[in-house]
Amino acid sequence: MMALDDRKTNFKYIGTRPDRPDGLDKVTGRARYGADIQAPGMLHGAIVRSPHAHARILKIDASKALALKGVKAVVTRADFPTGLTGEDWNLQENVMAGEKALYDGHAVAAVAASSALIARDAAKLVEVEYEPLPHVTDVDAAMRPDAPVIREGAADYSVPEGMHPNVVRRIEFGRGDMDAAFAEADEVLEATYRTEATHQGYIEPHACLAQLGADGKGELWCCTQGHWFVRRMCASVLGLDASQLRVTPSEIGGGFGGKTTIFIDPVALALSRKAGRPVKIVMSRSEVLRATGPTASASMDIKLGMKRDGTITAAQGTFRLQGGAFPGAPTAETMQCAFACYEIPAILEIGYDVITNRPKQAAYRAPGAPMGAFAAESAIDELCRRMGLDPLEVRLKNAVKEGSKSSYGPTYPRIGLVETLEAAKAHPHYSAPLGPNQGRGVASGYWFNWGGETSVSMAVSEDGTVQVSVGTPDIGGSRASMSLMAAEALGIPYENVRCNVVDTGALGVNEPTHGSRATYASGLATIEAAREIAGKLCQRAADKWGIDAEAVIWEDGCAKPSGPNAGDFPPMPIAEIAAEMGQTGGPISGHFEATPNGHGGSFGTHIVDIEVDPETGRTTVVRYTVVQDAGKAIHPAYVEGQFQGGAAQGIGWALNEEYIYGTDGRLQNPVFLDYRVPVASDLPMIDTVIVEVPNPGHPYGVRGVGETGITPPLPAIANAVAGATGVRLRQLPMTPPRILAAIQANG
Ligand code: SMO
């Protein structure tokens, strides 16, 4: 990685706002999403789902379904290989139930037929005999001694002795003398916070088209955030050789983390193998809500000590996360992010992953972080209000900076939390007067930048344009961002760069578009590949001029003689070199394959004004400002879009969205009418401030920005509601009935 001194700071294309290359295709309907993919002779799949939260599967009789005209195949778990262990077994169990159905909506069989309608009718004709078992869907209830045991041997980790077998992992970290540090505090707060499961709410339901031969050779087209992940997971669930499976991503209509895992892809592959035809599956919205991956829900105990001058002396937290019927809740991330913004001398955090009869949680934008921030940032605010301290000043006083030891261990490189707090303080919103029944809340948040396996290839075309092939699907404009970085690195116009997302057969392994890594990791790979190309272009010019390549520099899209040869020859543009490639040594390409470290990460601070109607408890988001460190904004419009999108999703999570399970263990609101995400009319114009504190781990100083924005809204809104009403809500979502009950309980 580059030293800070080598870093470019004078940009020509970076920081501009050109149109995105995929924009026109998307608005004109030309872009092909998962459900648009077709194949000759394809069948349509439908999935039979458990109506029980927990039930033994005694018998599956598909004879009536198979008798229906047009039905070509039925698969059950018997069509999947046995003997898997660990994570592979858990994945297979989730994709298709084995001995037991583990949650409402769990797949137990699937049908392929000549039309989607016939497939759905046939699915209803599959007769499944269940023996219902006691269930549990609440995290705290699932830990109690009397809770039903959901699964034996599900844990991937060491399970604490003496705890209920539903607890599949325990994590602990900390430092310092807790007793002494709490004794130093002038005030100590102890409180319990709860967040409900929410869904990413992506517009496009999961869809795929699969073709698998009896020889194990297959192709899969799907909407996904990471096709190499999909390939690996499908291969392990079906016992295939991953190199025999080619996965091509479609355009993707939203992911937010929910498309980093698989649900229907191996089922479509298994149906295809059995039917000998391509099979397409498109999920419905209610299937998405019942049986894909919402967030974990959390129950968290916080103890926080503060001095009269605002110094945080000690923080203790117990975090219980419910991740559905499988291990893997983002408990560690919740713990790491809860107090990531502060330098606290004494800290103790304990976390538990708990399984319940709910669908397996999946990643959702900064997975785990919003819950931890809700608890920690609410507690800080509550102490500040109690002690008459300014919550923003207290944050500034305790804020982490370069060289600070994080709550979870590592020391921070150069980061921009203080700069976001200063910018928030200087923003007119922070000092604007409040109206009646209005309160203002502030909160900060953090998310990492992941590195991970990255591969990019780049090629010069004969017309002098440049093709960039990346393996990170474009969810939020990353093709445009990558094109800007290539244009900058090569000094050629943005319009002369084409960035494409290519399939698993066309490039080395790439981690998905997750962990705020696409623009960061594929971006730095793009810059490195461009540098390789610039070197080769210089070599071609040097050969032509008959001078040493060392005496040629690449500048403004041209090779130029320099040093002793400066001015000897006119600059040679890329188009001229490209036109002669065939005669001068063949195609010119560049590659970058590496596993960059996750460096930096992005901090943000949000300010929100909430108005609460004291008669009804109804809330209105009056004004909202996002301040976040982007390191260097490649395409400021997309950075602003990420900031606004994160805030909008956080507003939904804070005020309205929740998974509601009935006493029967079934999801009560699996449609967007009842699971209501915020719509435009629920939101104010969300103001954004881009702070740029360069990331020392990236040649252009870039930080991934996608996820941090959903972390501060939950506590910022709770803090604003406390300001407006004088009551503190410690449970999400803060629906009107909950707010009203809290106001009334307060007298
Ligand atoms: S929630 Mo993200 O796709 O790491």
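Q: Which strands does helix H16 lie across?
A: Helix H16, residues 518–545, lies across S20, S21 and S22, and runs at about 130° to S20. Helices (H or I, at least four residues) and strands (E, at least two) are DSSP runs, numbered from the N terminus. Axes are lines fitted to C-alpha atoms, for helices over the stretch in contact (heavy atoms within 4.5 Å), and angles run from 0 to 180 degrees between N-to-C directions.

Q: Before we go on, what sort of model is this?
A: This is a predicted model, where local features need pLDDT of at least 70 and side-chain atom pairs count only at pLDDT 80 or more, while totals for chains, interfaces and linings use all residues. Residues are numbered from 1 along each chain as its sequence is written, and side-chain values use heavy atoms, leaving out hydrogens and water.

Q: OK, back to the sheet. What's the strand order?
A: The order is S20-S21-S22, an open sheet with antiparallel pairing. Strands S20 (552–555) and S22 (572–573) are the edges, each pairing on one side only. Two strands count as paired if DSSP finds at least two bridges between them.

Q: And how many bridges do S21 and S22 have?
A: Two, with S21 covering residues 558–561. Cys558 has Pro573 in S22 as its bridge partner.

Q: Switching to Leu396: buried or exposed?
A: Leu396 is buried, because its relative accessible area is 15%; buried means under 20%, exposed over 50%, partly exposed in between (1.4 Å probe, protein chains only). Leu396 lies in helix H12, residues 391–398. Leaving aside residues up to four places away in sequence, Leu396 touches Val418, Leu421, Glu422 and Lys425.

Q: What about Lys397, which residue does it form a salt bridge with?
A: Asp309, with the closest N and O atoms 3.9 Å apart. That pair links distant parts of the chain, 88 residues apart: Lys397 is in helix H12, and Asp309 is in the loop between strands S13 (297–306) and S14 (312–322). A salt bridge here is a side-chain nitrogen of Lys or Arg within 4 Å of a carboxyl oxygen of Asp or Glu. Lys397 is partly exposed at 43%, and so is Asp309 at 44%.

Q: How many salt bridges does the structure hold?
A: It holds 44.

Q: Where do Arg479 and Asp474 sit, buried or exposed?
A: Both are buried, and their side chains meet in a salt bridge at 2.7 Å, N to O. Arg479 and Asp474 are also part of a salt-bridge network with Arg20, Asp22, Lys26 and Glu251.
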